[in-house]
Structure formats: C-alpha cells, structure tokens
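Let's take a walk through this structure, one piece at a time. Keep the view open beside you as you read.

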Amino acid sequence: MIAAVSVVAGLAAFFGLALGFAAVRFRQEEDPVVERIDQLLPQTQCGQCGYPGCRPYAEAIAAGDADINRCPPGGEATIHSLADLLDREPKPLDPERGEEKPRTVAVIREDLCIGCTLCIQACPVDAILGAGKQMHTVIESECTGCELCVEPCPVDCIDMVPEAVTIRTWKWPRPAATPRASEA
Amino acid sequence: MAETPRLWKFHGGLKLDSRTSRATTEPIAVAPVPSRLVLPLSQHIGQPAEPVVAVGDRVLRGQPVARPRGYVGAKVHASSSGQVVEIGLHPVPHPSGLSAPCIVIETDGADQRWDGYEPMPNYASMSAPDLRARVRAAGVVGLGGAAFPTAVKLGAGAGLKLLILNGAECEPYICCDDMLMRQRPEEIIAGAQVLMHTLEIEQCAVAVEADMPEAAAAMEEARKRLGEDRIQVVSVPALYPEGGERQLIKVLTGEEVPAGGVPPDIGYLCHNVGTAAAVGRAVLAGEPLISRVVTVTGAGVASPRNVEVRLGTAVADLIAAAGGYTEQARHLLMGGAMMGFPLPDDSVPVTKAMNCVVVASAEEIRPRKPALPCIRCGECAGACPARLLPQQLYWHARAGELDRLDEYHLFDCIECGCCDVACPSQLPLTQYFRYAKTELWARERDRERSDVARQRFEARNARLEADKAARRKKLDEKTRALKKTEGDREARQQLIDDVLKKARARKSGEDADTGGDSA
C-alpha cells in the first residue's frame, strides 16, 4: 500500500518536474500561427488593413480580431492562401479597404523635390534615399508600392507608376475560359 | 550503316509527319553579312550578359561585346567587324513580343577577325578546366533550342558513362541538325572528341532518327574515315518528342532521369550535334559562337532550306537568303510546328536559340477549333512523355488552385504539346501549363521580395526603437543633472547657459551652411 502510493507520488513528482522544466526550456517565443500568417502577407506595410504593418495584421488575424479579407495588395491570392491555412471559407476582398491593383513603384520627380525628408520618414522599408535639403530618390528594387510616401510630400512630386514588364517577369496569359461539363 | 543496339521506348509521344523534306533538298546556304547586327544580351538561360563595349567602339568579328553576369550565363560576341552604334531596347524573338537590351553593330563589310582566342589543336594535352574555360569564353550554349550554357553542363564532374549527341530532330519542320550531320559530319565528330576528352568519357552515342538515313550514313562514314571507334551512330525510331533529352536517354538506355534531377545524376550527358560542332570550332579553331544553322521553311518561303547565318541578323534578311516570301505567306513562327510561337514581325534578330523559322500559309496553320468540356477520357495522360496527368493539371489550373499543381509535378512538364494534339475536346492544355508555370514563378519572386521587405521593415522598426531609447536615456540623464543642482541657483543657471550656448552655436553653424548653399 505504502509502496504503491509512494511510487505513484514519485512518478507524479518526476513528471511534474519534467514538464515544468520543458515549459521553461522549450518555451515557444513566438506564436507560430502569427509567423505563418505573416509569411503569407505581401509585406507591403501599407496599413490599408487598418493595422500599422503586416505583422500587426497577422497578430490580429491570429487573435481573431480581424478578418482575412482586409489586404488589397495581396488580393484574392492572399485571401485564398490565408483561408487554406486557417481552414476558413475564402471571401471577397473588403471593398472598404481598397481594391486590388497591379503592383506599382514610387518615383520621385527629382527636379521638383525640395529635400524635406518627409517621404523618407514615411517609408516603412527605408527604400527612399536622401538627406535634408538634398534631392531624394526611391530605390526601385526595395519599394513595395505602399503609397505611404505620396500623401506627406508637400510638393506632390511622387508618382506611383506601374512596374514595367520585362522578358523575365512576363507571364503567359491565362487561356480564355474553357467550358465546363455542366455548362455545355 | 548505323548499328541498331537494343532500344527502349518512352511513354506516350506522337507519330508526326516531319514536314522536313522540302528544306532538305537544298544544301546549307550561307547568308551574307548584313549591314546591321542586333545582338540581344540575353540569348541564353540565366542572367542577361553585361556589355563590355561602349557606343562608338570598333569591334572585330569574334570579339566579346558582353560578358556573363553569373555562373549560369554566356558571353556575346560581335558576329562581324564594325562599329557599336547603340546599346538599347529592341524587339527580340520571345513569345511576349517585348523588347530587351541589345547591342547594335553597324558592320563595315571587312569582316575582320579578332585573334583573341588561340586555336588549341593539341587539346588532348590540355586540362579539363582549361577546355571548359575556352568553351565558356566562346559563348557556346545548347543549340537545340534551350540555349543552356554549355560550359556549365561540362562541369558535371567525372565518372559519366556515356556522352549522347542529340541528332533526333525535336519537332516537325526543323531539320538544321539533319543537314549539319549530312554536310559537316567531321565537325560534329571533332567536337565529340573534344567533349569526350573534357568529360573523360570513353563512349559516345550519336542518336539519329530513323527518317534521316542520309544523316546517319554521313555520320557513320565520317566516323570510319576518322578511325573513331568510341563513337557509335544509333538510329532511333522517329517519335515526337524524342529530341527531348529525357526521352532520348530513355530510348537509348532504358533509364529515366529522376524528376527534378539532371542526366549526369544517372551517368549521362546530352548535347545537341550543333552544340558539339560549336564546341569543336571554339577549341580547335578558336572561333566563338557567332553563327548558327537555321531552318527556313514553310509554304510562305520561296526556296525552303537551311541557312548558316550570323547571330544578330534580322529574320527578314534570313528569309531573303531562302528566296524571300511567297504570296502564300501568312504566319511567321519561330521554332517548329509543336512548340513554336509567333514572331511579331521579321525585324527581330536571329539568336543562339533560334533553330527554325516557319513562314506558314493559311492552310498550314488552321485556327484551333473551339474547346469543349473535358470528358476525362485520359487520352492526354496516354500521350504525355513526362508521364504526368494533364487532365488533373488542367483541372486545378483552371480552378486557379495553382498551389496544388506541384503535387502533380507541373514543373516536369516539357511543354511538348502532345496532350493538346491528343485531346478530343481541343483544350489548350499546354497554354494552361505555361500560364501556371509563369504565374507560380511570379509568386515565387513576390515571396522573395516580401521576405526582403519584411527584413527591411523589421530593421527599420528596430532602429526607430533604438533611437527612441537612446533619446529617452539622454533626457533622463539631463533631468538627473538638473535635479542634482536643486537648491544651488548658480550651478543651475550655469547649466542652462551652457545648453543655450551650444544650441546657438549649432544654429549659427547651420545658417552658415545655408548661406553657403544660396551663395
């Protein structure tokens, strides 16, 4: 009787210690769901979703505070991937958040730029180069097309231009819709 | 005559009318050097080359004008002597019809040779890295149509069992390899010898399709004349797409190249016969790749034939070398009947990848009949030489479920078009697969870019946080210093004066700066 009780108590103590140790030693620093949602977001950092960047939006989705259809730059493809990941039904993009547009990049009209640095401060990915009273320019390859620099410019010298298609980025067109058995 | 060892059969495929007879009645013609050469910087798989000449420079025939930017890349050489007059965007032969950076040379008619590459007739005493370096310097790429840099393939490593020279013409209309084997078999054999030495391979098979007996006979005769008994000419049954590397290896050896792998993984290396000849010329004669043989055919050409043409020549000049257009000319295509694509016009230049130009009549290319629903008959799967399930791929591509296409091995599709021909509903299957592939590549590029954007966003946030913390710390220190002087009016006043003085000094310095600017 005493032997049995002490064995069970010993086991309980051992596993309690082991679990306690594991909880401290192997603690998950980040919420893996947030990480995975963040991977799917386009990282435009435009804030159109209403959150200050892609990661905060990912956290809001994971917490159940935000829906999955608030990302216009990601568009339908991102909504589908998010729906797949979270096992939800895909839904159309929330029109209040904006519309899906082809990707653009910011271009500064350099002869008009007065060097105020406001766009540099607005850029979420440090893609604008310049200094006070010096001309600024956009590093095209780093620009995410978030448009956050357009609004602060006091002389309206920033244009959003569609990205030029080159032979390397060209895509074969999707074939014209083919009939389905039920439609024939 | 060619020997016939045991052969195997690859899955699927189609028996097609080769439509080559018209263009093989005439010998290879040599097109004149045009007055203007347009050399695209991207004539190969890999990063576009980087120009090493400037506008105004005089260049000689064979002089490098652009160098590769990465390991997978190829040099571009001036195809004739003359002056560089422009480096800019020009239409290039590509399904998109877009323009790409090109070097434009106005030729001077002298066709003066550049002597930068020593001929290496004693290649047998040279090391493999030296020979590979020469092939790389000569800008040789696969001439079968894919234009993969040959030097990269030659770095496959030792221990290969068999070198395969691909003389099985890819698709209907194309016969440049056939004519090259008939007319210049010695060049191909010499190239094969160089390749075998470089790769330390003791055996070579030249695969020739059964419907080109003249080519097989010429190759066999040249082989005997040169006393080369390591090379075997093998006649393979004509079945499309046997010109595909994987299909040819299957036919010759019975082995399959694993999905996602390359032939050297199973001990084989495959080169087009034209590529072998180009390697031979690069090493033995020190001649870089500045010309190639192109099949010019179709009912829209006056005298269909094969033409050896300088790279960068306009397609219009190429067609003129084959007698010009006939009244029936309606469509202009690059490539063969199965995988070819329309060219926007005949001003585009001949590139390393251009093996065939078809000027088709209205009867030769009939418009596609309207597509009907997929009835799941499975004909496409039976025809697919890559043993895929085209109907499943189609189903998911059509539904926009591109993520699932990888499960069905979309990227093993060689876009041969067999499924299109087999499909009783005339579905544009290959077009769907091409669309899906480029769409998935674009997504991959987007993903890479978003990873960079995430890093930059996080780095910026970290920087802003650090700045904020530093400022707070400074402020704290000052407040503390101010607190220490509490009760001591004089020390406090001294501190405030110090700060004001510093601020004033900074301000006047800035004023001096601006004064300097406006002056």
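Start with chain B, where β15(B) and β16(B) pair in the antiparallel sense over two bridges. Keep in mind as you look that this is a predicted model. Within this pair, M334(B) has F341(B) of β16(B) as its bridge partner. The hairpin the two strands make has six residues between them, and G335(B) there takes a positive phi near 95°.

Now step across to the other neighbour. Strand β15 (residues 331–334) of chain B also pairs with β17(B), again in the antiparallel sense, this time over four bridges. Here H331(B) has A360(B) in β17(B) as its bridge partner.

Look for A29(B), which sits opposite V307(B) in β14(B).

What lies across this sheet? From α3(B), the contact is made by D178(B), M181(B) and R182(B), and from α5(B) by E214(B), A215(B), A218(B) and M219(B). Sorted by class, the contact of α3(B) with α5(B) has four nonpolar and three charged residues, with no polar ones.

Two backbone details in chain B deserve a stop. The peptide bond from Y240(B) to P241(B) is cis, with omega near -5°, and you'll find P241(B) in the loop between β11 (231–236) and α6 (245–253) of chain B. The other detail is A147(B), a residue other than glycine with a positive phi, near 60°; it lies in the loop between α1 (128–137) and α2 (150–154) of chain B.

Stepping back to the whole chain, you can count 13 helices and 17 strands in chain B. Its radius of gyration is 31 Å, well over the 24 Å that the globule rule gives for 519 residues, so chain B is more spread out than a compact globule. Along the principal axes, the C-alpha atoms of chain B fill a box of roughly 115 × 65 × 55 Å.

**Over to chain A**

In chain A, look at helix α2 (residues 32–40) and helix α4 (residues 75–86), whose axes come within 9 Å and cross at roughly 160°. With angles over 145 degrees counted as roughly antiparallel, α2(A) and α4(A) are therefore roughly antiparallel to each other. Their crossing is right-handed. The contact draws on R36(A), I37(A) and L40(A) of α2(A), and on T78(A), S81(A), L82(A) and L85(A) of α4(A). By class, the contact of α2(A) with α4(A) comes to four nonpolar, two polar and one charged residues.

Finally, see where the chains meet. The contact takes 24 residues from chain A and 25 residues from chain B. On the side of chain A that touches chain B, the classes are twelve nonpolar, seven polar and five charged residues.

Methods: Residues numbered from 1 in each chain as written. Chains lettered and ligands numbered in written order. Predicted model: local features only at pLDDT ≥ 70, side-chain atom pairs only at ≥ 80, totals over all residues. Contact = placed C-beta atoms within 7 Å. Nonpolar A, V, L, I, M, F, W, Y, C, P; charged D, E, K, R; others polar. Pairing = 2+ DSSP bridges. Axes fitted to C-alpha atoms, helices over the stretch in contact; angles between N-to-C directions. Parallel < 35°, antiparallel > 145°, perpendicular 65-115°, else oblique. Left-handed = near helix turned anticlockwise from the far one by under 90°. Rg over C-alpha atoms; globule rule 2.2 N^0.38 Å.
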